[in-house]
Amino acid sequence: MIRATTGGVLKGYRSNLMKSFVTLNRARDGVLTGRNFLSYAEDPASAAQSFQLRRAFMRVSGQYSNSSSTIRKFESAWSSLESVVQTTNNAHKSALESLEDSYGSGRSALGQQLLQLSESITQTMNAKYGDKFVFAGADEGNVPFSWEGEGENRKLYYRGVPVDAAIPEIQTQADGTPVVNGAGNYLAPDGTEVLKADYDKAKSDVEKLEYMSKEDNFVDLGLGLQEGGDGLVKSSAFNVSLQGIRFLGHGTDADGDPKSIPSILHRMGTILSRCDKDSGEWGKEGDREELERLTSKLEDARNGLREQYVEMDAKADFLKGNDRQLKATSNTLNAQIMGIEKCDLADAITSFSWAQFCYNASLKAGNSILSQSLMDYLN
């Protein structure tokens, strides 16, 4: 009978002591971590709500990170375009003054200056943000603009494609098929031969330029990213792709003149460089007329660039406003999460102190119970 009584007392004591120990550890963890619960089982309802909020918080955090990176990229682009706009304005003004100057003693020097400006503009447009080229479109890992050749034959390339690429005019039959000579090549309107290989290469280059000027690179900035039947709904994401040729121009016009600002400046610089250094006399017949025509087209290209610059400024304002909204949403979600997960420190310390007191009391009571029970057993 004494053995049974002692065993029951010890068993009950050990069970209660373990419960007191578990309660103490849980209270201690609450103080150390500052959390209301450490596992789903402790509070399933709060844990489920916290999971939903944390998932939303992680999504918004990713969008906020994308937004911050995009803003810095667009600020860098805006700064580069500002420099190009100013450079182009000055070049256009100088060209007009050169045409109006009856003496033209500075034409040759201005020509050298325009040649340098044509290259400095492309260097500015080769700007990098981090390790990526800002105006390289979808291929941000490689330099977008490059020059090849010397003198009048120097050509501008964008990602390996001639910026001034144009499809040669050829004769066509009534059904639209090209007129082919005995060698299998095409004929130009004036009857000269157009090599089929050159025609196909020019056509391919033009198609590549058109494609690269419209490339997309969408990122999630919290605009409700969604996919439809045809893929991504473009209005639900933000296009961060910046194509250098869309800002500076590409291809040629009906007169065969380049549309690209650097190429126009290079042609103008070449014409002015031929002028006599002392008298300013034109180097070739028709140079003045060609310079007048190119100066007018530079103004058109400059106006197009200014429109792109204003649009860039509007996009930057939108990005900053959206960034503020994402930050506010992130802060709200974080406050909600803390409201569910974070415990009141004063209450946690009070609970810990009480749990510790109960555990110490259990140990003290245990000493008395065990001692008495052992003496009963020995008797």
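## A pair in helix α7

E299 has a relative accessible area of 32% and counts as partly exposed (buried is under 20%, exposed over 50%, partly exposed in between, with a 1.4 Å probe and protein chains only). The model is predicted: local features need pLDDT of at least 70 and side-chain atom pairs pLDDT 80 or more, while totals for chains, interfaces and linings use all residues. Residues are numbered from 1 along each chain as its sequence is written, and side-chain values use heavy atoms, without hydrogens and water.

E299 forms a salt bridge with R302, with 3.8 Å from N to O (a side-chain nitrogen of Lys or Arg within 4 Å of a carboxyl oxygen of Asp or Glu). Both residues belong to helix α7, residues 287–341, where they are three residues apart, or about one helical turn (helices are DSSP runs of H or I with at least four residues, strands runs of E with at least two, numbered from the N terminus). R302 is buried, at 14% relative accessible area.

## Other salt bridges

The salt bridges number 19. One of them joins K73 and E140, whose side chains meet at 2.8 Å, N to O. K73 is in helix α2 (residues 44–100) and E140 is in the loop between β2 (132–133) and β3, so this pair ties together parts 67 residues apart in sequence. K73 is buried at 8% relative accessible area, and E140 is buried at 13%.

K196 and D200 form another salt bridge, with their closest N and O atoms 3.0 Å apart. They lie four residues apart in helix α4 (residues 196–212), a separation of about one helical turn. K196 is partly exposed at 34%, and D200 is partly exposed at 33%.

Salt bridges also link D253, D255, D257, R267, E290, R293 and K297 in a network.

## The sheet and its helix

Three strands form an open sheet in the order β3-β4-β5, with antiparallel pairing (two strands pair if DSSP finds at least two bridges between them). The edges are β3 (145–148) and β5 (161–162), each of which pairs on one side only. Between β3 and β4 (residues 155–158) there are four bridges in the antiparallel sense. S146 is opposite Y157 of β4.

Helix α3, residues 107–125, packs on this sheet and touches β3 and β4 (contact means heavy atoms within 4.5 Å). The direction of helix α3 makes about 145 degrees with that of β3 (axes are lines fitted to C-alpha atoms, for helices over the stretch in contact; angles run from 0 to 180 degrees between N-to-C directions).
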